[in-house]
Amino acid sequence: MNLRSPLTHRNVLRGAAGRTDATHGRTHDSHAAADSRADATHGRTHDSHAAADSRADDVRAAAGRRANGPIVRLTGCAAALLLASTACATVPSGGRVVSGRSADRAEQADDPYVRLIPVRPKAGWSPEQIVSGFLYASASFDDDHRVAREYLSGNTGWQPGARPAVTVFQDRRFAPRIDKMSETQATVKVAGDQLGAILPEGQYTADPKRVEVSFELTKTQQGAWRITGLPPEVRASLLLTKADVDRAFRTMNLYFFTPDQQQLVPNGIFLPLANRRHLATHLVRALLTGPTSWLSPAVKSAFPADTKLVGDVHIDKDIATVNLSGQARAGDPERMSAQLSWTLRQLSDIKQWRLRIDGEEIAPEGHDETQPIRSWQEYNPDGQLSEEKESTETPYFIGSKGQFSGLLSGKENPLWTGLAYRLARPAASPDKLEVAGLSPEGDKVLYSDKLPSATNLQTLLTSQQPGSRFTPPTWDRNNQLWVVETARDESWLWVRKRGQRFQRVEHWGLGGREVLSLRVARDGVRAAAIVKVDGRTQIQIGRIAYDPSGAIDAGAFLPVSSELVDAKDLAWRSFGTLAVLGRKGGDSQALPYLVPVSGSAITPLGIGALGEPESIAASPGAPVYIGTRSGDRSQICQQQAPRDQYSEWSCRINGSDPNYAR
Amino acid sequence: MPAMTSIKRNVRRGLVTFRRIVRGATRRLYTRWRRSIQVRVVTSTLVISVVVVALLGVFLQLQITAALMEAKTNTAVGQLDEGLAAVRRDLASSAETGTRPETVVNNLKARSGPSGLYEVYIRDTSNEFVDGWTTNELRQESVPRRLREELRQASAGARPGTASTYGTLSYNDRRSERGLIVGGRAGQFELYYLFPLTQEQKTLTDVQRTLVGVGVVLVVLLAAIASLVTRQVVIPVRLAAQGAQRLAAGRLEERMRVRGEDDLARLATSFNDMAANLQDKIGELEDLSQVQRQFVSDVSHELRTPLTTIRIAADMLYEHRDTFDDPSVGRSAELLQSQLERFESLLADLLEISRHDAGAATLDAESVDVRDLVLRAVGDSQTLAERKGSKVVLQLPGEPCMAEVDRRRVERILRNLLVNAVEHGEGEEIVVSVAADRDAVAVAVRDHGVGLKPGEGQMVFDRFWRADPARARTTGGTGLGLSISREDAQLHGGWLQAWGEPGVGSQFRLSLPRVAGAELRGSPLPLVPLGAGSARPLFAELEVSE
């Protein structure tokens, strides 16, 4: 639509002249004449030919103007109008730079999801087809499994509900086959490899085995086969494949308090994402139900027992309203609010929320009735630190001359002058008073309670079993020191309260496995470990529970990821993410990866060569440091832009074994 | 029931009032419409510009909608092509048949983009147990059956293409919205992309709102311009009309102001030239008639002195007519006497009329009962009437009819009328009626003589006009009587009008205001006598009122 391009400069000028002509009337003609005269004389000095041409042009133009003045005037007008209008209608081709903010950290629940559209049972389907159709249809959560119910007949008592238990199969190659069949009755058997199961509370437990279930079918009076008897595995649950679960379920965190009620602990659960609108309701219901059986011994919920959600979580614009039943009056509104805030903030469409008990608005002390979703930072599972704000924490490490060092404005700052090459894998306590580490051989746990200037090291623990060694020591937020003594297919967990001796933990879930690394999370409740299972490393997460008698239970460990075949070291990047050094599928050497505790996909951290990474240090809001070795040189690497996950690694500090105190 | 009727009555009354108001408003508007060029021009400009702007707006809206939809469809088809390519890639890369749908669906989930941009629906035609997968809350009914059919037919053809249509996107627990749906086939998969058109709808609504706003402003602006332009034209025209009116009313010195050099200025100049010429001509004519009047007056006066001498001589001759031997001489003396009387009265009339012409006639008004004047006049003409065999019938009201009039002049008028009636009455009865109302008194004199031909009603008042020039003059009227009577009536601010019909007779009506100098609005007596002339419309004598 741009008319300007086919017109020459001259034409444009003439159009403009036409416009002024029309507006100013007769007086303009003399102007134009003067202009053309000036043009002509000007031209003559340079190029007489051009001057003559232009004069001839002008004369012709003038003659034309005289002959059909009004027409020229009108066309001039029209041209000017068209030019003006097209100038307005063009898309801008330049202008100032407008800066914008990228969207908030996308939560996993915001990802698009895919729903399966089931098929209703068709007339003339055989019993096998009916069973197949039912298994497919049960993966659709729409309208409370309405379509799947059409495959059933009679009183099967099938009631999957909004949060069903799920038996997870490897894949769908479980061809149904007819076991027995009469005129009106049939039994169809389905066999497959079970991976595990999701309990109604949302906890997934791995339980690989071969399963065969049988369905009873009856021919109805209309001549169609329908399922009348469900196997016990399916009666109260769904039979889904791994792909179905991946599609229809999301892992979401519920937040509960540590036993001392100082910090929150995330509890990852599987929640069916049938409809994003009901996600808040399901989340709050799950939170009120309490922690999963795995975590429940280790945490406390602020909600009194039997507290229920009244109605749904109502979301108006970006304000959610949570209405609890009267039992909640017995609870502490602050802690309940903290738990709800942290749980609801996973849904990015909620920015604020209100707490109601029996319809009455409750304002926790020091807060408005409408609370921002990001309040209650004091109960952050990461303690005082947070992934969202810059941290001033710097790591400790073994410097270039083998001394325990700190980092001062990006440079090595040796803290201890002596004791060179005596300590490896140092770990400072969160209050930065004590330091523990291993001997270079890894068979002794060394210790000093004078972090700023130690002159000698104390041996706290020596390996008890022949051939065993220790994992790098790790501190929890109560300044307890944890260390695993491990040998091939054997391990023991040791714990030391401040000022006391190391004690072995009786309930240790990984006793039969080799443990490569153990790190206690900043909430002090969870611990992540790299475990060798059948020759492959697996990242597992466990919880530490304390009996009223003081006995420690570190029994239940759950696998998080076995994608990294050769995991070496790990660190808690934040309460939901581990930074792990490991080798994925085709990698030739270990690289750092971010492994979400929820079991979602792992993502690489940074790009570029690292040599042979050996240890990793991470802290919320602080750069990740990796101790590497290439040949004889030990270096510590960090990302050039620590806030950018895909920024390049650069190794400038000579040293090894970095570790954060907090 | 009474309540009902009262309500009904009220309603009816209200309706009537409303109708009256509406009718009144319509009439007023119509009057304004008829009277004012400006109103007409502005109204027609409004109507035409509303129509044009509405047409333009609809056209623009259609154009914009079409352009927007085309752009959207192009983008959508582009997206779909990309999606289809991805599906084909996945098909090629996943060797195992069993994982195919899952791979494709996972891929699709990744590329469905942030919610709100578009939704995806994919179908695996080889899987009879699943009717496909959709993203987010989208329901499968969103893909219309006709699009599926179209795709199935297209895939049967040589080259599988894409198809698009508009439809309603329905969701789980969310309001459905309009959308664009494009679909295509790749291998065993049918892929549909569903684009909500909420943003486009919003844009179009905004555009429409803008167009309406601009249209209204444009129409108002056009009307304002039309009003301004017509004002600029109408005001000079109005001034010209007023000038012409004043000129017509006799103010010959009236001129228009000439401003600028435009057409209106030329009009003003021509008008002024015309007025000047008129004034000159009228001045000349006035001067001429002044000279003539003066001449008549002078002649009359000059004739009077010798006439007096002649009169004395004639009187003497007349007194001694019997003494002449020759009887023919005596007869001549008689003739001389009578013609001298006639000559004298003619001269008096001439003087009187020249006084009127000169504007020298004055009104000597006093309050008089008009009935007395009538009686006196009838008494004066009684002898003449008896001689002609006419009977004079009087129709006088019982109460006095007082009016401020010049007794002498009114008597002369009445006498003239009576003499005229007797003269043309053919001996028939003559009816004299008097009537009065609040503002005026009227005297009508009716005869049943030859009457007047059409058009003669006006001519009777002309000087020296005679109904039948060949007719013998028995009473010896001067031919100026009715003219003078009319001048006298006008001096009173009254009317003197005549009606007549051949063979039926005629009637003269004198209407005078009760108060001298007051304006006369109507007459208490009809000009056409009752029972006469009903067969014919009133004729032009009504115009004589001036």
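Me: What should I know about the numbering and the model?

Reply: Residues are numbered from 1 along each chain as its sequence is written, and chains are lettered from A in the order in which they are written. Because this is a predicted model, local features need pLDDT of at least 70, side-chain atom pairs count only at pLDDT 80 or more, and totals for chains, interfaces and linings use all residues.

Me: At what angle do the axes of α8 and α9 of chain B cross?

Reply: Two packed helices are described by the angle between their axes and the distance between the axes. Here the axes of α8 (residues 370–388) and α9 (residues 407–424) of chain B cross at roughly 25° and come within 9 Å, where axes are lines fitted to C-alpha atoms, for helices over the stretch in contact, and angles run from 0 to 180 degrees between N-to-C directions. α8(B) is therefore roughly parallel to α9(B), a label for angles under 35 degrees.

Me: In what order do the strands of the open sheet in chain B lie?

Reply: Strands are DSSP runs of E with at least two residues, and helices are runs of H or I with at least four, numbered from the N terminus; two strands pair if DSSP finds at least two bridges between them. The 5 strands follow the order β7-β9-β10-β12-β11 with mixed pairing, and the edge strands, β7 (392–395) and β11 (495–501) of chain B, each pair on one side only.

Me: How many bridges join β9 to β10 of chain B?

Reply: These antiparallel strands are joined by 6 bridges, and B:Val432 has B:Val445 in β10(B) as its bridge partner.

Key. Angles under 35 degrees count as roughly parallel, over 145 as roughly antiparallel, 65 to 115 as roughly perpendicular and the rest as oblique.
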